[in-house]
Amino acid sequence: MSELAFQSATNLARMIREKQISSVELLEFYFHRIDEYNPGLNAIIWQMRDEAMDSAQRADKRLASRAEVGPLHGVPMTIKESYDVVGTPSTWGIPDLKDNFPKRDALSVQRLKNAGAVIMGKTNVPLRLSDFQSYNDIYGTTNNPWDRERIPGGSSGGSAATLAAGLSGIDSGSDIGGSIRNPAHFCGIFGHKPTWNLLPPRGHATPGILSPSDLSVIGPMARSAEDLELAVKVMAGPDEIQSRGLSLDLPSLSKPPSEWQVAVWQNDPIAPVDKLIEERVLAVADTLDKLGASIDYEARPFESARNVHTTYQCLLNATMSCRLPDADYAELVERVENQASESASNNGDVRANQLRISQVARFRDWIQFNEERTHLRWDWHEFFKKYDVVIAPIMASAAFPHDHRPMWERSIIVNGEEQSYFTQLFWAGLAVNVYLPSTVIPTGLSGDGLPAGVQIIGPEYGDLMTIDMAKVLEREGYSFIAPPDYR
């Protein structure tokens, strides 16, 4: 029966439709595994056993009546804690929000339910969804199923650990700095960061917030690329306020591998990656080369990667500071003003000043950053007239040990050398800054037995293109592997 735990959601839905297993039986199976394995992982931090059982029973009755069913009919799933789900808290790991029980499901949750999914629990996050790790004062720390002394990633780390351990059929996370893709990489699963706002985020926000956040997206996480495609199609499309005039028509990668044009960005001095990670990017490129694709190791959409990264950091700083409580923001303003005065007296460099200002950016500052970003979006647009995708790292190393020190004190080891904790944001930001889709695929295990993934970046609204390539690579062996302690 352990093989059942690691089936794709697509296969599970087919098994339910073909009555090889009922939704109730599958739900009970996952609850048994949760009871056995979740205590050591702390990945699922809120369960909906009664509600899920009612949904599963209704799903089985609907199937028995031969009514039309959705593509996820009867499949038990978990979802990131930050999504609004009626009957569950949505805290974002913030203690002051521990009693925040939303009265309406997020739009994406409504769409998943309409597709037949049975939501059975929520998964852990870091404070304000703002870390590569997943721990907070409400729910505690989530561990990686490959090594419980190591991180599962963040901020969708609970989702990734849940899927890797075979505790759920599919999940959905969110991403502003790699928060879908780095957990997928660290836990050995698939993850997709969509084109900005392709999946409307209404209901994925702290209380009272209705407008979509800049940079941030919601998106699926799974054990197969096919599941990513299914979930994107379920959750994508205009929100109700846009639906009078907008419809969705996403292109596929509708040509054979022999016609693919692939750019490869295996490393960069701005954000060096471990030899392991570079080798995995090159291995994927080699596989595509053997399939007949044209590979270019030098192509880049712009001249200065450092300037591009600065633009992303400025926009990210401005967006993240908006999430701070008033008192914390007031402290930040005072600190930035003091630093600015010191910098002026010391003739500080322009880039450092720009990054500092971005933490408390005025609208005029933000408009400047956005103008720079818009130029970059057009640079990428021209680039993708020639190239279909870019293959690149998503993180600098495999999963590293838990580290709960203040963030500014943290570092990671890359090729035996210490590197700033946030340097690796460069790789996540390549797609985030300019609203591009990016799909992470697993590439197997390191010598230490830890997973490693790479990302496939495509043009705006080329979401199915990057997932199509992930599906081809999955057939070539870049597939999910179950952690040995959970098989």
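This note goes through the sheet, the cores, one glycine, the cysteines and the salt bridges of a predicted model.

1. **Basis.** Residues are numbered from 1 along each chain as its sequence is written, and side-chain values use heavy atoms, with hydrogens and water left out. In this predicted model, local features need pLDDT of at least 70 and side-chain atom pairs count only at pLDDT 80 or more, while totals for chains, interfaces and linings use all residues.

2. **Sheet.** Eight strands form an open sheet with mixed pairing. The order is β6-β8-β7-β14-β15-β11-β9-β10. From one strand to the next, the twist averages 25°. Helices (H or I, at least four residues) and strands (E, at least two) are DSSP runs, numbered from the N terminus. Two strands pair if DSSP finds at least two bridges between them.

3. **β11 and β15.** Strands β11 (residues 389–392) and β15 (residues 451–457) run antiparallel and are joined by three bridges. A392 has Q455 in β15 as its bridge partner. Helix α9 (residues 275–290) packs on the sheet. The helix touches β9 (261–264), β10, β11, β14 (438–445) and β15, where contact means heavy atoms within 4.5 Å. The direction of α9 makes about 55° with that of β15. Axes are lines fitted to C-alpha atoms, for helices over the stretch in contact, and angles run from 0 to 180 degrees between N-to-C directions.

4. **Cores.** The largest nonpolar core has 143 residues. Such a core is a set of buried Ala, Val, Leu, Ile, Met, Phe, Trp, Tyr and Cys residues joined through side-chain atoms within 4.5 Å. Buried means under 20% relative accessible area, exposed over 50%, partly exposed in between (1.4 Å probe, protein chains only). V262, W265, L288, V390, I391, I441 and M469 touch the most other members. Helix α3 (residues 23–41) supplies the largest share, nine residues. Another core, of five residues, lies apart; W92, I94, L97 and V125 are among them.

5. **M469.** What does M469 touch, not counting residues up to four places away in sequence? The list is L253, W260, V262, L288, V389, I391 and I456.

6. **G188.** This glycine is in the loop between α7 (181–187) and β7 (190–193). G188 is buried, at 4% relative accessible area. Leaving aside neighbours within four places in sequence, G188 contacts P442, P451, F480 and I481.

7. **Cysteines.** The whole structure has zero disulfides, a disulfide being a pair of cysteine sulfur atoms within 2.5 Å. C314 is buried, at 0% relative accessible area. C322 is exposed, at 65%.

8. **Salt bridges.** The structure holds 19 salt bridges, each a side-chain nitrogen of Lys or Arg within 4 Å of a carboxyl oxygen of Asp or Glu. R150 and D147 meet at 3.0 Å, N to O. R150 is partly exposed at 22%, and D147 is partly exposed at 25%. E382 pairs with K385 at 3.1 Å; K385 is exposed at 58%. D99 pairs with K98 at 3.5 Å. A network links E229, K233, D468 and K471.
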